[in-house]
Every structure is written in structure tokens, then in C-alpha cells.
Amino acid sequence: MSVGLIIGIVVIVLVIAIIIWAIGAYNNLVTLRNRVKNGWAQIDVQLKQRADLIPNLVATVKGYAAHENAVLSQVTAARAGAVAAATDPNGTTAQRAEAENQLSRALLNLQATAEAYPALQANQNFMDLQSQLKDLENKIAYARQFYNDVVLKLNTAIETVPTNIIAGLFHFEQAQYFEADEPARQAPQVAF
């Protein structure tokens, strides 16, 4: 065997290995990107269920706490903002997260208001709605965690060598985390 033939075989094997690696790296990036989309879709489903539950909760509280219109209006406005952010085709993950965080704060205010009405606390319909809301909030928290975990994997793959080469060639972009806003990080103020 001549040296030229050996070099040619080595070059061909290296080219094939690089092509196989590039295909694997590309497929991994596509898989991660699709998992991010799936994670966001799971959050979206839970947020939609929460938005659908809120009018029933507000209506139940309204019957007992008629003079708490400011809190009820805040919840209604926050829900409308969250629904608008969900349906905005040009909206970003950060905008959606902000709208959902505002809704979460409004729901906390509503729950705090409801605690001042013992008859409301004893109402079975209210208790059922509260239980459903608690379950949904737990599911949303889990879905956010899953989404952020997948975003971490995608962003890491995009930034690390050598997959960053494939990510750059095929214009893969980093995904945004679903983060709590600054007011949500503050401890709530409770006054007696």
C-alpha cells in the first residue's frame, strides 16, 4: 500500500466521522429545541386551566366580599393581561412570564382577602375551587421547572464547544428562562 492511499483512507474516515458527529450534534440541538417548545406548551396548558378557573373563583368570592371590588378588579385585570399575553403572536417568553407573575400576585391578594370571611372559607364551592387552584399552581411550578431545565440544556449545548459550531451554522438561538419577577421574590407583607 502506498502512503498516498493510506492518507486518502485516513482523510475519508475523518471526513465521515466529522459528518456523523455533525449530524448527531444537529439532531441533539433540534431535539432540545423541540423539548423547549414542548415544555412551554405544557406551561401554557396549565396557565390556560388557571385562567379558566379564575372567573369561578372571583364569582364565588364576590358573593361574600362584595365591598372588596379593588381586589376583584385586580384579579380580573391581571387575568385579562395574562390571556392577552398568551394570545399575542409577537409576545416573548419574558412578557408572558411577567403577565403570569402579575396574575399570581393578584391571586395571592384574593386568597388573603378571602381569609377575612369565615363563611366564605366554609363554602364547599370555594373550597373546591381553592383546591383546584392549588393543584394547578403545583402543576405550573413543576412545568416551569421542567421548562427551565430543558432551556438550560439547550443553552448549554448552544454555548459549548464543539456543538456551538453547528448551532452557529444553523442559527440556533438561546431560549429564555421562565423567571420570577422582582416583586415575586420579595417576602409578602402581612399585617394584623
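This is a predicted model: local features need pLDDT of at least 70, side-chain atom pairs count only at pLDDT 80 or more; totals for chains, interfaces and linings use all residues.
Local features require a pLDDT of at least 70 and side-chain atom pairs a pLDDT of 80 or more, whereas totals for chains, interfaces and linings use all residues. Residues are numbered from 1 along each chain as its sequence is written, and side-chain values use heavy atoms, with hydrogens and water left out.

**Confidence**

- The chain averages a pLDDT (the predictor's confidence in each residue, from 0 to 100) of 86, and 92% of the residues score at least 70.
- Among the helices (DSSP runs of H or I with at least four residues, numbered from the N terminus), confidence is lowest in H7 (residues 182-185), with a mean of 55, and highest in H6 (residues 163-169), at 95.
- Over residues 187-192 the pLDDT is below 50, and this stretch has 0 contacts (heavy atoms within 4.5 Å) beyond near neighbours in sequence.

**Annotated regions**

- UniProt, in an unreviewed entry, places a "transmembrane region" at residues 6-27, with positions in the numbering used here, a shortened feature name and the caveat that annotations may be inferred rather than shown by experiment.
- In the model, residues 6-27 are 100% helix and 0% strand, with end C-alpha atoms 32 Å apart.
- The "coiled-coil region" in the unreviewed UniProt entry covers residues 96-139, a span that is 91% helix and 0% strand with its end C-alpha atoms 17 Å apart.

**Helix H2 and its packing**

- In H2, Val 71, Leu 72, Val 75, Ala 78, Ala 82 and Ala 85 are buried (under 20% relative accessible area, with exposed over 50% and partly exposed in between, for a 1.4 Å probe and protein chains only).
- Seen down the axis of H2, these buried residues fall within an arc of 155 degrees, so they line one face of the helix, the arc being that of the directions from the helix axis to the C-beta atoms.
- The buried residues of H2 pack against helices H1 (3-64) and H3, while the face turned away from the buried side carries the exposed residues Ala 70, Ala 77 and Thr 87.

**Glu 100**

- Glu 100 lies in helix H3 (residues 93-114) and is buried, with a relative accessible area of 2%.
- Leaving aside residues up to four places away in sequence, Glu 100 touches Leu 47, Arg 50, Ala 82, Arg 144 and Phe 178.

**Aromatic pairs**

- Rings of Phe, Tyr and Trp (its six-membered ring) pair if their centres lie within 6.5 Å, with planes under 30 degrees apart counted as stacked, over 60 as edge-to-face and the rest as tilted; the count comes to 4 aromatic pairs.
- The rings of Tyr 26 and Phe 172 have centres 5.8 Å apart and planes at 75 degrees, so this pair is edge-to-face.
- Tyr 26 lies in H1 and Phe 172 in the loop between H6 and H7, so the pair ties together parts 146 residues apart in sequence.

Technical notes
Helices (H or I, at least four residues) and strands (E, at least two) are DSSP runs, numbered from the N terminus.
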